[in-house]
Amino acid sequence: MATYSENKREIQDRRLFITRLAPYTKKEKLLKIFRQYGAEHAVILRNPTGNQAFVTFKTKEGAREAILAERTGITCHNRKLRVLPADSWHEAKLLSPKPDVNPFPGLDLSEPIPLPIECISIIATFLPFADRARLEMTSRKWRQGTLSSYRSIRSINLNDWRWPEGWDGKRITSNSLYWLTQRTGNKIKDIKINNNVIAKDLQPQIVTILVKNCPYIETIDLTGTTIRPSTIRAVEPVAHQLIDLSIGTCQGPIETHLTNIFNSSTQLRSFCAVSTNFSGKCLTHLNLNLEKLCLSDNDDLRTEHISHILSKLTTLKHLEIESCTGLTNGDTLRALSNNRSYNHSLKTLKLHVCVFGVFGLNMPEEEEAEEQPDFIRLDLGPIE
(Lines give C-alpha, C1' and ligand atoms only; values in the text may rest on other atoms or scores of the structure.)
Protein backbone atom coordinates (compact mmCIF):
# COMPACT_ATOMS: atom_id res chain seq x y z
CA MET A 1 0.00 0.00 0.00
CA ALA A 2 1.41 3.39 -1.02
CA THR A 3 2.09 5.96 1.69
CA TYR A 4 0.87 9.59 1.75
CA SER A 5 4.28 10.90 0.68
CA GLU A 6 4.41 8.53 -2.27
CA ASN A 7 0.86 9.55 -3.36
CA LYS A 8 1.74 13.23 -3.07
CA ARG A 9 4.93 12.78 -5.11
CA GLU A 10 3.04 10.83 -7.73
CA ILE A 11 0.38 13.59 -8.06
CA GLN A 12 3.04 16.28 -8.31
CA ASP A 13 4.62 14.42 -11.21
CA ARG A 14 1.26 14.68 -13.06
CA ARG A 15 0.59 18.34 -12.15
CA LEU A 16 1.82 21.40 -14.03
CA PHE A 17 1.97 25.07 -13.06
CA ILE A 18 0.56 27.50 -15.69
CA THR A 19 1.21 31.26 -15.64
CA ARG A 20 0.51 34.31 -17.85
CA LEU A 21 -3.22 33.65 -17.93
CA ALA A 22 -5.67 36.39 -18.85
CA PRO A 23 -7.85 37.75 -15.98
CA TYR A 24 -11.00 36.37 -17.63
CA THR A 25 -9.66 32.88 -18.42
CA LYS A 26 -12.02 30.12 -17.30
CA LYS A 27 -11.28 26.59 -16.19
CA GLU A 28 -13.19 25.06 -19.12
CA LYS A 29 -11.06 27.01 -21.60
CA LEU A 30 -7.86 25.84 -19.92
CA LEU A 31 -8.92 22.16 -19.90
CA LYS A 32 -9.86 22.38 -23.57
CA ILE A 33 -6.35 23.53 -24.49
CA PHE A 34 -4.58 20.72 -22.55
CA ARG A 35 -7.15 18.00 -23.25
CA GLN A 36 -5.00 16.51 -26.00
CA TYR A 37 -2.34 15.80 -23.38
CA GLY A 38 -4.77 14.13 -20.98
CA ALA A 39 -5.70 17.02 -18.67
CA GLU A 40 -8.45 16.00 -16.23
CA HIS A 41 -8.54 18.72 -13.53
CA ALA A 42 -7.62 22.41 -13.25
CA VAL A 43 -7.58 25.01 -10.47
CA ILE A 44 -7.25 28.74 -11.29
CA LEU A 45 -5.75 31.16 -8.72
CA ARG A 46 -6.97 34.67 -9.39
CA ASN A 47 -4.72 37.51 -8.21
CA PRO A 48 -4.75 41.25 -8.85
CA THR A 49 -1.44 41.05 -10.67
CA GLY A 50 -2.40 38.07 -12.90
CA ASN A 51 -4.04 34.66 -12.88
CA GLN A 52 -2.22 31.35 -12.39
CA ALA A 53 -3.40 27.75 -12.51
CA PHE A 54 -2.57 24.16 -11.59
CA VAL A 55 -3.50 21.51 -14.18
CA THR A 56 -3.48 17.79 -13.30
CA PHE A 57 -3.01 15.18 -16.03
CA LYS A 58 -3.95 11.49 -16.11
CA THR A 59 -0.36 10.29 -16.63
CA LYS A 60 3.17 11.55 -16.17
CA GLU A 61 3.80 11.16 -19.89
CA GLY A 62 0.96 13.56 -20.72
CA ALA A 63 2.42 16.19 -18.38
CA ARG A 64 5.85 15.83 -20.02
CA GLU A 65 4.31 16.23 -23.48
CA ALA A 66 2.62 19.47 -22.33
CA ILE A 67 5.96 20.80 -21.10
CA LEU A 68 7.61 19.96 -24.44
CA ALA A 69 4.72 21.56 -26.34
CA GLU A 70 5.22 24.80 -24.38
CA ARG A 71 8.54 25.26 -26.20
CA THR A 72 6.73 25.45 -29.52
CA GLY A 73 4.11 27.78 -28.05
CA ILE A 74 0.76 27.27 -26.28
CA THR A 75 -1.50 30.33 -26.43
CA CYS A 76 -4.73 31.22 -24.65
CA HIS A 77 -6.58 34.47 -25.39
CA ASN A 78 -3.65 35.67 -27.51
CA ARG A 79 -1.24 35.11 -24.62
CA LYS A 80 1.69 32.71 -24.72
CA LEU A 81 1.42 30.49 -21.67
CA ARG A 82 4.33 29.38 -19.53
CA VAL A 83 4.20 25.75 -18.37
CA LEU A 84 6.34 24.61 -15.42
CA PRO A 85 6.44 21.51 -13.18
CA ALA A 86 4.28 22.00 -10.10
CA ASP A 87 6.86 21.13 -7.49
CA SER A 88 6.72 22.12 -3.81
CA TRP A 89 8.69 25.31 -4.48
CA HIS A 90 5.95 26.77 -6.73
CA GLU A 91 3.22 25.83 -4.28
CA ALA A 92 5.04 27.43 -1.36
CA LYS A 93 5.52 30.57 -3.40
CA LEU A 94 1.79 30.82 -4.07
CA LEU A 95 0.84 30.26 -0.43
CA SER A 96 3.31 32.84 0.95
CA PRO A 97 1.86 36.32 1.73
CA LYS A 98 2.37 38.90 -0.96
CA PRO A 99 3.27 42.54 -0.29
CA ASP A 100 0.48 45.10 -0.60
CA VAL A 101 0.38 46.87 -3.90
CA ASN A 102 0.90 50.62 -3.62
CA PRO A 103 -2.22 52.24 -5.12
CA PHE A 104 -0.29 55.51 -5.56
CA PRO A 105 2.95 54.76 -7.40
CA GLY A 106 5.72 57.15 -6.50
CA LEU A 107 4.16 58.11 -3.16
CA ASP A 108 5.91 56.95 0.00
CA LEU A 109 3.24 55.46 2.26
CA SER A 110 5.64 54.74 5.09
CA GLU A 111 5.06 58.27 6.44
CA PRO A 112 1.63 59.79 7.22
CA ILE A 113 0.18 61.96 4.47
CA PRO A 114 -0.08 65.59 5.72
CA LEU A 115 -3.48 67.27 5.48
CA PRO A 116 -3.67 70.47 3.45
CA ILE A 117 -4.30 73.65 5.41
CA GLU A 118 -7.62 74.10 3.59
CA CYS A 119 -8.88 70.74 4.92
CA ILE A 120 -7.82 71.62 8.46
CA SER A 121 -9.68 74.91 8.19
CA ILE A 122 -12.88 73.15 7.10
CA ILE A 123 -12.59 70.62 9.92
CA ALA A 124 -12.14 73.40 12.50
CA THR A 125 -15.32 75.19 11.42
CA PHE A 126 -17.38 72.27 12.77
CA LEU A 127 -15.74 72.41 16.23
CA PRO A 128 -16.57 74.60 19.24
CA PHE A 129 -14.17 77.42 20.03
CA ALA A 130 -12.75 75.53 23.02
CA ASP A 131 -11.69 72.64 20.75
CA ARG A 132 -10.24 75.05 18.20
CA ALA A 133 -7.97 76.46 20.90
CA ARG A 134 -6.70 72.95 21.61
CA LEU A 135 -6.04 72.38 17.90
CA GLU A 136 -3.79 75.43 17.82
CA MET A 137 -1.44 73.68 20.24
CA THR A 138 -1.13 70.52 18.10
CA SER A 139 1.43 71.67 15.56
CA ARG A 140 2.41 74.66 13.47
CA LYS A 141 0.37 73.53 10.46
CA TRP A 142 -2.73 72.77 12.54
CA ARG A 143 -2.43 76.18 14.16
CA GLN A 144 -2.26 77.85 10.75
CA GLY A 145 -5.30 75.90 9.53
CA THR A 146 -7.27 76.64 12.69
CA LEU A 147 -6.58 80.36 12.49
CA SER A 148 -7.81 80.42 8.92
CA SER A 149 -11.13 78.90 10.06
CA TYR A 150 -12.10 82.18 11.73
CA ARG A 151 -12.37 83.98 8.41
CA SER A 152 -16.06 83.12 8.09
CA ILE A 153 -17.03 84.63 11.47
CA ARG A 154 -18.78 87.97 11.07
CA SER A 155 -20.76 88.19 14.29
CA ILE A 156 -20.27 87.64 18.03
CA ASN A 157 -23.60 86.38 19.37
CA LEU A 158 -23.42 84.58 22.70
CA ASN A 159 -26.66 82.71 22.00
CA ASP A 160 -25.24 81.13 18.83
CA TRP A 161 -21.91 79.94 20.20
CA ARG A 162 -21.66 76.15 20.18
CA TRP A 163 -19.65 75.85 23.37
CA PRO A 164 -19.99 73.01 25.88
CA GLU A 165 -21.38 75.12 28.75
CA GLY A 166 -18.94 77.91 27.98
CA TRP A 167 -15.25 78.36 27.55
CA ASP A 168 -14.10 76.80 30.83
CA GLY A 169 -16.82 74.15 30.98
CA LYS A 170 -19.14 76.26 33.20
CA ARG A 171 -19.62 79.76 31.78
CA ILE A 172 -18.46 82.25 29.16
CA THR A 173 -15.77 84.52 30.54
CA SER A 174 -14.18 87.77 29.45
CA ASN A 175 -10.96 85.94 28.61
CA SER A 176 -12.77 83.79 26.07
CA LEU A 177 -14.20 86.85 24.31
CA TYR A 178 -10.81 88.51 24.30
CA TRP A 179 -9.24 85.33 22.86
CA LEU A 180 -11.81 85.26 20.04
CA THR A 181 -11.56 88.94 19.11
CA GLN A 182 -7.78 88.63 18.89
CA ARG A 183 -8.32 86.21 15.98
CA THR A 184 -11.42 87.62 14.28
CA GLY A 185 -11.43 91.31 15.21
CA ASN A 186 -10.91 92.69 11.70
CA LYS A 187 -13.88 90.70 10.36
CA ILE A 188 -16.46 91.19 13.15
CA LYS A 189 -19.32 93.57 12.31
CA ASP A 190 -21.95 92.53 14.87
CA ILE A 191 -21.64 92.20 18.65
CA LYS A 192 -24.73 90.94 20.49
CA ILE A 193 -24.52 90.55 24.27
CA ASN A 194 -28.27 90.24 24.84
CA ASN A 195 -28.54 87.30 27.25
CA ASN A 196 -28.40 88.13 30.96
CA VAL A 197 -27.83 84.51 32.00
CA ILE A 198 -24.84 83.94 29.71
CA ALA A 199 -23.26 87.37 30.20
CA LYS A 200 -23.66 87.59 33.99
CA ASP A 201 -19.97 86.80 34.60
CA LEU A 202 -18.56 89.23 32.04
CA GLN A 203 -16.46 92.08 33.33
CA PRO A 204 -17.68 95.65 32.68
CA GLN A 205 -14.59 96.51 30.62
CA ILE A 206 -15.28 93.70 28.14
CA VAL A 207 -17.18 96.10 25.85
CA THR A 208 -14.15 98.37 25.70
CA ILE A 209 -11.98 95.40 24.72
CA LEU A 210 -14.44 94.25 22.04
CA VAL A 211 -14.76 97.68 20.46
CA LYS A 212 -10.98 98.18 20.35
CA ASN A 213 -10.38 94.77 18.77
CA CYS A 214 -13.24 95.15 16.25
CA PRO A 215 -12.61 98.40 14.35
CA TYR A 216 -15.23 97.73 11.64
CA ILE A 217 -18.18 97.05 13.92
CA GLU A 218 -21.63 98.20 12.74
CA THR A 219 -24.13 96.62 15.18
CA ILE A 220 -23.87 96.70 18.98
CA ASP A 221 -26.44 95.07 21.27
CA LEU A 222 -25.68 95.51 25.00
CA THR A 223 -29.11 94.73 26.44
CA GLY A 224 -27.75 91.71 28.31
CA THR A 225 -25.04 93.46 30.33
CA THR A 226 -24.76 96.43 32.68
CA ILE A 227 -23.62 99.67 31.04
CA ARG A 228 -21.31 102.20 32.64
CA PRO A 229 -20.26 105.64 31.38
CA SER A 230 -16.87 104.20 30.42
CA THR A 231 -18.63 101.63 28.26
CA ILE A 232 -20.54 104.23 26.26
CA ARG A 233 -17.40 106.36 26.01
CA ALA A 234 -15.59 103.41 24.42
CA VAL A 235 -18.20 103.26 21.64
CA GLU A 236 -17.65 106.89 20.58
CA PRO A 237 -14.68 106.19 18.22
CA VAL A 238 -16.82 103.86 16.07
CA ALA A 239 -20.05 105.86 16.29
CA HIS A 240 -19.73 107.19 12.74
CA GLN A 241 -20.20 103.67 11.29
CA LEU A 242 -22.90 102.37 13.61
CA ILE A 243 -26.16 101.19 12.04
CA ASP A 244 -27.85 99.52 15.01
CA LEU A 245 -27.37 100.37 18.71
CA SER A 246 -29.14 98.76 21.67
CA ILE A 247 -28.36 99.43 25.34
CA GLY A 248 -29.65 98.01 28.61
CA THR A 249 -29.36 98.79 32.30
CA CYS A 250 -26.94 101.60 33.12
CA GLN A 251 -25.01 102.64 36.22
CA GLY A 252 -24.20 106.33 36.24
CA PRO A 253 -24.92 109.28 33.95
CA ILE A 254 -24.60 108.44 30.27
CA GLU A 255 -26.54 111.30 28.65
CA THR A 256 -23.42 113.20 27.61
CA HIS A 257 -21.76 110.19 26.01
CA LEU A 258 -24.94 109.19 24.19
CA THR A 259 -25.20 112.72 22.85
CA ASN A 260 -21.69 112.49 21.44
CA ILE A 261 -22.51 109.16 19.83
CA PHE A 262 -25.76 110.44 18.24
CA ASN A 263 -24.01 113.53 16.88
CA SER A 264 -21.51 111.31 15.02
CA SER A 265 -23.77 108.42 14.03
CA THR A 266 -25.11 109.74 10.74
CA GLN A 267 -25.79 106.19 9.52
CA LEU A 268 -27.75 105.03 12.56
CA ARG A 269 -31.01 103.31 11.57
CA SER A 270 -32.11 101.64 14.81
CA PHE A 271 -31.90 102.52 18.51
CA CYS A 272 -33.30 100.55 21.46
CA ALA A 273 -33.10 101.32 25.19
CA VAL A 274 -34.31 98.76 27.73
CA SER A 275 -34.32 99.69 31.45
CA THR A 276 -31.75 102.39 30.76
CA ASN A 277 -33.26 105.05 33.09
CA PHE A 278 -32.20 108.21 31.33
CA SER A 279 -34.16 111.41 30.73
CA GLY A 280 -34.01 111.14 26.94
CA LYS A 281 -32.44 114.53 26.24
CA CYS A 282 -29.83 112.82 24.10
CA LEU A 283 -32.60 111.49 21.85
CA THR A 284 -33.05 114.98 20.39
CA HIS A 285 -29.67 114.47 18.64
CA LEU A 286 -30.72 111.28 16.87
CA ASN A 287 -30.33 110.89 13.14
CA LEU A 288 -33.53 112.12 11.48
CA ASN A 289 -33.43 109.15 9.10
CA LEU A 290 -33.92 106.72 11.98
CA GLU A 291 -36.14 103.76 11.06
CA LYS A 292 -36.61 101.97 14.40
CA LEU A 293 -37.01 103.39 17.92
CA CYS A 294 -37.75 101.16 20.93
CA LEU A 295 -38.02 102.48 24.50
CA SER A 296 -38.94 100.00 27.22
CA ASP A 297 -39.03 100.17 31.04
CA ASN A 298 -37.60 103.69 31.16
CA ASP A 299 -39.38 105.54 34.00
CA ASP A 300 -37.17 108.65 33.81
CA LEU A 301 -38.03 109.57 30.22
CA ARG A 302 -39.48 113.08 29.90
CA THR A 303 -42.30 113.93 27.57
CA GLU A 304 -40.73 117.06 26.05
CA HIS A 305 -37.72 115.10 24.75
CA ILE A 306 -39.76 112.25 23.26
CA SER A 307 -42.30 114.58 21.64
CA HIS A 308 -39.50 116.69 20.17
CA ILE A 309 -37.77 113.81 18.41
CA LEU A 310 -41.08 112.26 17.25
CA SER A 311 -42.01 115.53 15.56
CA LYS A 312 -38.67 115.60 13.65
CA LEU A 313 -38.23 112.02 12.39
CA THR A 314 -39.16 111.52 8.74
CA THR A 315 -38.52 107.85 7.90
CA LEU A 316 -39.58 106.05 11.09
CA LYS A 317 -40.98 102.57 10.39
CA HIS A 318 -41.08 100.92 13.82
CA LEU A 319 -41.99 102.73 17.07
CA GLU A 320 -42.35 100.91 20.37
CA ILE A 321 -42.91 102.60 23.75
CA GLU A 322 -43.58 100.23 26.63
CA SER A 323 -43.81 100.73 30.41
CA CYS A 324 -42.56 104.31 30.34
CA THR A 325 -44.55 105.73 33.25
CA GLY A 326 -42.93 109.16 33.06
CA LEU A 327 -44.87 110.01 29.89
CA THR A 328 -48.05 111.29 31.55
CA ASN A 329 -49.45 113.93 29.17
CA GLY A 330 -50.63 113.92 25.62
CA ASP A 331 -47.69 115.76 23.99
CA THR A 332 -46.20 112.47 22.84
CA LEU A 333 -49.33 111.41 20.99
CA ARG A 334 -49.87 114.91 19.67
CA ALA A 335 -46.37 114.97 18.13
CA LEU A 336 -46.99 111.54 16.70
CA SER A 337 -50.28 112.50 15.08
CA ASN A 338 -49.08 115.88 13.75
CA ASN A 339 -46.09 114.41 11.90
CA ARG A 340 -47.41 113.79 8.37
CA SER A 341 -44.39 111.68 7.41
CA TYR A 342 -45.72 108.81 9.46
CA ASN A 343 -48.70 108.42 7.15
CA HIS A 344 -46.43 106.73 4.61
CA SER A 345 -43.43 105.46 6.62
CA LEU A 346 -44.77 104.07 9.91
CA LYS A 347 -45.63 100.36 9.71
CA THR A 348 -45.44 99.16 13.33
CA LEU A 349 -46.69 101.09 16.37
CA LYS A 350 -46.71 99.60 19.88
CA LEU A 351 -47.79 101.66 22.90
CA HIS A 352 -48.12 99.52 26.02
CA VAL A 353 -48.54 100.39 29.72
CA CYS A 354 -48.24 104.14 29.16
CA VAL A 355 -50.58 106.89 30.50
CA PHE A 356 -50.46 109.61 27.89
CA GLY A 357 -53.67 111.41 28.92
CA VAL A 358 -56.38 112.88 26.71
CA PHE A 359 -55.34 115.72 24.40
CA GLY A 360 -58.60 116.66 22.71
CA LEU A 361 -59.66 113.49 20.97
CA ASN A 362 -63.26 113.45 19.81
CA MET A 363 -64.47 110.82 22.25
CA PRO A 364 -68.18 109.85 22.11
CA GLU A 365 -70.23 111.01 25.05
CA GLU A 366 -71.20 108.42 27.57
CA GLU A 367 -74.78 107.26 27.33
CA GLU A 368 -76.81 106.06 30.17
CA ALA A 369 -76.72 102.32 30.29
CA GLU A 370 -80.04 100.64 29.83
CA GLU A 371 -81.28 98.73 32.79
CA GLN A 372 -80.84 95.04 32.30
CA PRO A 373 -83.70 92.76 33.45
CA ASP A 374 -83.08 90.46 36.34
CA PHE A 375 -83.17 86.75 35.60
CA ILE A 376 -84.27 84.15 38.12
CA ARG A 377 -83.12 80.60 37.84
CA LEU A 378 -85.75 77.93 38.47
CA ASP A 379 -84.99 74.28 38.99
CA LEU A 380 -87.96 72.33 37.56
CA GLY A 381 -88.47 68.60 37.46
CA PRO A 382 -89.75 66.52 34.55
CA ILE A 383 -92.82 67.98 32.82
CA GLU A 384 -95.36 66.13 30.66
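Student: What makes strand 11 and strand 12 (residues 292-296) a pair?

Tutor: Two strands count as paired if DSSP finds at least two bridges between them. Strand 11 and strand 12 have five bridges and run in the parallel sense, so they pair by this rule. One of the facing positions is Cys-272, which stands opposite Cys-294 in strand 12. Before we go on: this is a predicted model, where local features need pLDDT of at least 70 and side-chain atom pairs count only at pLDDT 80 or more, while totals for chains, interfaces and linings use all residues. Residues are numbered from 1 along each chain as its sequence is written, and side-chain values use heavy atoms, with hydrogens and water left out.

Student: Where do the strand numbers come from?

Tutor: Strands are DSSP runs of E with at least two residues, helices are runs of H or I with at least four, and both are numbered from the N terminus.

Student: How do you know which way strand 10 (residues 244-247) and strand 11 run?

Tutor: They run parallel and are joined by four bridges. Ser-246 stands opposite Cys-272 in strand 11. From strand 10 the chain passes through helix 11 (residues 255-264) to reach strand 11, in a right-handed β-α-β crossover. Right-handed means that, with the strands pointing away from the viewer, the path from the first strand over the helix to the second runs clockwise.

Student: Why is strand 11 called mostly covered?

Tutor: Four of the five residues in strand 11 (residues 270-274) are buried. Buried means under 20% relative accessible area, exposed over 50%, and partly exposed in between, with a 1.4 Å probe and protein chains only. Phe-271 has 0% and is buried.

Student: Why is the pair of Phe-262 and Phe-271 given its name?

Tutor: Rings of Phe, Tyr and Trp (its six-membered ring) pair if their centres lie within 6.5 Å; planes under 30 degrees apart are stacked, over 60 edge-to-face, and the rest tilted. The centres of Phe-262 and Phe-271 are 5.0 Å apart and the planes stand at 85 degrees, so this pair is edge-to-face. Phe-262 is buried too, at 3%.

Student: And what makes Phe-34 and Tyr-37 a pair of their kind?

Tutor: Their centres are 6.4 Å apart and their planes are at 50 degrees, so the pair is tilted. Phe-34, with 0%, is buried, and Tyr-37, with 17%, is buried as well.

Student: How do you know on which side of helix 5 the buried residues lie?

Tutor: In helix 5 (residues 117-125), Ile-120, Ser-121 and Ala-124 are buried. They cover an arc of only 100 degrees around the axis, which puts them on the same side of helix 5. The arc is taken from the directions from the helix axis to the C-beta atoms. Glu-118 and Ile-122 are exposed on the face turned away from the buried side.

Student: Why is Thr-19 called buried?

Tutor: Thr-19, in strand 1 (residues 15-21), has a relative accessible area of 12%, so Thr-19 is buried.
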